[in-house]
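Subject: Handing over a structure

Hi,

I am passing a structure on to you, with some notes on what turned up in it. Please have a look at it first, and then read on.

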Amino acid sequence: SVAAFGAGNTLVAALMPPLLKLVKRPVVAVAAVVVEVSVIAVMIQRMDNSPGAALLFALSGIWGAADAVWNVEMSVVLGIVFSTQQEAAFSNHRVWQGLGFAFGAVYSQRFADCMEQLKVKLLLMVGLLLVAMALYGVVEWRICKFGRECHRMSIINKEVDIELMPRCEANVVSNSLPN
């Protein structure tokens, strides 16, 4: 199932740049959350009876696809919000990601005894996912509302690919370009 996760992750990560030209980032993020919550719902529903290898591989691949969306989204948002401090932003992102993995390993051992505890773990994942999505929404809102402050970009030349940016970001960049 790790191979299916990796395949789904790789495929969707490769498809994200052209997808983000067609669809706004928040829409893609909401779709990923819906997919992940749906996968967790299927896992909870099928917990009592053996789900079978095919379903486990399919769920792993689908989860990997949704995970790729989050990875790409976070990199894009970090690059936008911290355009002048990207090294610090990405290193802090990795620190918090590592702490999240450590926390996951600790609570995974704690809730691994029985099916009822596994259900608690899955519901905890849904809760954390919804909190993450709410906080992502706040960041996207701040990017659009306070774009000029968030986008203190050091533009050396006028060639900025405004087409690749969502509308609110493109307006901020085009308004800040020197004439």
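W70 and Y136 are both buried, where buried means under 20% relative accessible area, exposed means over 50% and partly exposed lies in between, with a 1.4 Å probe and protein chains only. Before going further, please note that this is a predicted model, in which local features need pLDDT of at least 70 and side-chain atom pairs count only at pLDDT 80 or more, while totals for chains, interfaces and linings use all residues. Residues are numbered from 1 along each chain as its sequence is written, and side-chain values use heavy atoms, leaving out hydrogens and water.

How many aromatic pairs are there? The count is one, taking rings of Phe, Tyr and Trp (its six-membered ring) as paired if their centres lie within 6.5 Å, and calling planes under 30 degrees apart stacked, over 60 edge-to-face and the rest tilted. W70 and Y136 form that pair, edge-to-face, with 5.9 Å centre to centre and 75° between the planes. W70 sits in helix α3 and Y136 in helix α5, 66 residues apart, so to speak a link between distant parts of the chain.

Both residues also belong to a bigger picture. W70 and Y136 are among the residues with the most contacts inside the largest nonpolar core, along with V12, M16, V69 and M133. This core has 18 residues; a nonpolar core is a set of buried Ala, Val, Leu, Ile, Met, Phe, Trp, Tyr and Cys residues joined through side-chain atoms within 4.5 Å. Two or more residues come from each of α1 (2-22), α2 (25-45), α3 (53-81) and α5 (115-145), and α3 gives the largest share, seven residues. V12 touches A65, A68 and V69, leaving aside residues up to four places away in sequence; a contact means heavy atoms within 4.5 Å.

As for the whole chain, it has seven helices and zero strands, helices being DSSP runs of H or I with at least four residues and strands runs of E with at least two, numbered from the N terminus. Of its 179 residues, 27% count as buried.

α2 has 21 residues and reaches 30 Å from its first C-alpha to its last, close to the expected 30 Å, which is 1.5 Å times one less than its number of residues. Its buried residues include V28, A32 and V39. Seen down the axis, the buried residues of α2 fall within an arc of 140° (taken from the directions from the helix axis to the C-beta atoms), so they line one face of the helix.

Best wishes
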